[in-house]
Amino acid sequence: MIVTQGLTKKFGSVLAVDGIDLDVRAGDRYGFLGPNGSGKTTTVRMLLGLIFATSGAAEVMGQPVPRGLGTALPQIGALIEGPAAYPHLSGRANLEMIDSSGPGGSRRTRRTRIEAALEQVGLASAGRKPTKAYSLGMRQRLGLAAALLREPQLLVLDEPTNGLDPQGIREVRDLLVTMNAAGTTLFVSSHLLAEVEQLCTRVGILDSGRLVLQDELETLRAPTGRVVLRTPDVAAAVTLLDGRVQHRDGDRLVVAGLAPEDLVDRLVGAGLKVHEIVVERPTLEEVVLSVTGAGSDRVDSGRSEPDTLVGGPP
Amino acid sequence: MIRVEIRKLMRRPRTWISIFLLCLLPAIVAILLRVTQLGPRPGEGPAFLSAVLANGALFPAAALGIVLPLFLPVAVAVTAGDAVAGEASAGTLRYLLARPVGRTRLLVAKLASVLVFLLVSVSAVAITAYFVGTSLFGSQPVATSLSGEPLSTNEVIKRTVLVVLYIAWSMIGVASVALLLSTITDSSLSAALGALAVLVLSQVLVTLDAAGAVKPYLPTRYWLSWVDLFRDPILWSDIERGVLVQGVYVVVLLGVAWANFMTKDVTS
């Protein structure tokens, strides 16, 4: 869907995007992560033909950028660095305006498509209110509606849940997952780890203009091979698991070299009580910090938030 | 796209407010003239104003003469300056281009909507001035041209239409400057002010003998030549030059605007 080779953008002497090789496949829910100012928006703008690359090549939906964008863009829905609308017009009028501006949106179906999109994002009852009276969340929803107008095959969304309340974030996430299941590829750029972690299947991590990591989320979050255990009988457990406890923090132990089922066997066999036992997985945060320089020791620091096997919500 | 742009222009309150104000100014002048009966002496003050007291049918021409030097160029500079920069500062430019709307198409559509604004506003001034003029001052079946020959009402109307077209065309130079600046800056205010600065400069130089060498090429040099349309016979030479000078400005400035816009990184 999106393939780039050595895509680079310099603004004057500032290197905003430094030779990135993106690979977004059809059907992906791709999370494009990076701190603010790392070049995410510049990349998105290059992919959509708003900014011209200094060097390197990009292909979107099989079309070269920017030459072939005329045929690719009608099938792409985009939210670029926040929504925008004509302030004196209603949400409906805004959608009508943008839809009639370009190709790929039949006039005959316009009304129904607009109503459907407004319904999808929960703005159907916004009525004739001019968008200048909209709240931040409503604007965001309108921006999403504009992206959904023509049943896009690819959605390029820059910070899609910005300004939404938790309820709204949930709704948008569900909507995006549903659309993805129906065949829409998602390319979501965000600086919010939690958002990407909950929505995406594949991530690319950008750090000061360079793509430092690109992989399946599942792979990145694979178990570390260690098990986290909580027990009231800490001292007895440490003795029993002689040498296998790597870290101890109150009643919490990090155990290496033992499968969780074997661990439970041994503990229960010795008559020890177990509060909780979980397989340790790195969080996306730890993955990100490990590849973006500063916090490379954090993965091994034992502060992982593991998936719970016993007790607690999954 | 042109239709969309025109619709956008027409649905914007500011368009109608500026057209209303453009029509209001001559009406105020007309009312003052009617109440005081104090016309400027022939040859002084805005063109035609002295003749209006005798024949209201000449008021459209006089009204255009009133709005031409300042009001009209300001309205045009604001509208054209807002064309691209306004979309940029509202953030809608990126969505238009990603829709996709080709950059050339967008620029052409913007230019077309500015032209429509020009024609609508100039015609609106002429039409309201006709009604204001004839109802306040009455109309004579025969007016007098600047050369002293009589003009029939039909002839007056025909020439007023020519004046409308000429004045609209005269404004297109301002519009091109504003449109060019509009593709350079993201602030519509800067674009409008820049265009007005060019305008003021040109108007100052026109009155300056030391600027004689560049005078024939200044965008405002032939603005007042529309008066020649009310001579008998019509004095075409300055009109033709005026049309030509504006034409050159349009081609050159819009060419630069196009080249700039095509290669510009849209970061707004």
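This is a predicted model: local features need pLDDT of at least 70, side-chain atom pairs count only at pLDDT 80 or more; totals for chains, interfaces and linings use all residues.
So, chain B: there are 10 helices and 2 strands in it. Reading from the N terminus, the order goes α-α-α-α-α-α-α-β-β-α-α-α.

How does the radius of gyration of chain B compare with the globule rule? It comes out at 20 Å, close to the 18 Å that the rule gives for 268 residues, so chain B is as compact as a globular protein of that length. If you'd like the extents, the C-alpha trace of chain B spans about 60 × 45 × 30 Å along its principal axes.

Okay, helix packing. Two packed helices are described by the angle between their axes and the distance between the axes.

By class, the contact of α5(B) with α8(B) has 14 nonpolar residues, 3 polar ones and no charged ones.

The axes of α5(B) and α7(B) come within 10 Å and cross at roughly 160°. Anything over 145 degrees counts as roughly antiparallel, and α5(B) and α7(B) are therefore roughly antiparallel to each other. Here, too, we have a right-handed crossing, of α5(B) past α7(B). In α5(B), B:A75, B:V76, B:T79, B:A80, B:A83 and B:V84 do the meeting, and in α7(B) their partners are B:K110, B:V114, B:F117, B:L118 and B:S121. That contact of α5(B) with α7(B) divides into 8 nonpolar residues, 2 polar and 1 charged.

Most residues other than glycine have a negative phi, and most peptide bonds are trans. Which peptide bonds in chain B are cis? One runs from B:R99 to B:P100, with omega near 5°, and B:P100 is in the loop between α6 (92-97) and α7 (103-137) of chain B. Another cis bond joins B:D232 and B:P233, with omega about -5°. You'll find B:P233 in the loop between α9 (188-206) and α10 (236-262) of chain B. Over in chain A, A:E159 has a positive phi, near 50°, and this residue isn't a glycine. Look for A:E159 in the loop between β8 (154-158) and α6 (166-181) of chain A.

And where do the chains meet? The contact takes 22 residues from chain A and 20 from chain B. On the chain A side, the elements giving two or more residues are α2 (69-72) and α3 (91-101). Of these, α3(A) gives the most, with 4 residues. The side of chain A that touches chain B divides into 15 nonpolar residues, 7 polar and no charged.

Last thing, confidence. The mean pLDDT of chain A is 88, and 93% of its residues reach 70 or more. Over residues 295-314 of chain A, though, the pLDDT is below 50, and that stretch has 37 contacts in the model beyond near neighbours in sequence.

Conventions: Residues are numbered from 1 along each chain as its sequence is written. Chains are lettered from A and ligands numbered from 1 in the order in which they are written. pLDDT is the predictor's confidence in each residue, from 0 to 100. Two residues are in contact if their C-beta atoms, placed from the backbone, lie within 7 Å. Ala, Val, Leu, Ile, Met, Phe, Trp, Tyr, Cys and Pro count as nonpolar, Asp, Glu, Lys and Arg as charged, and the others, Gly among them, as polar. The radius of gyration is taken over C-alpha atoms; the globule rule is 2.2 Å times the number of residues to the power 0.38. Axes are lines fitted to C-alpha atoms, for helices over the stretch in contact, and angles run from 0 to 180 degrees between N-to-C directions. Angles under 35 degrees count as roughly parallel, over 145 as roughly antiparallel, 65 to 115 as roughly perpendicular and the rest as oblique. A crossing is left-handed if the near helix is turned anticlockwise from the far one by less than a right angle, and right-handed if clockwise.
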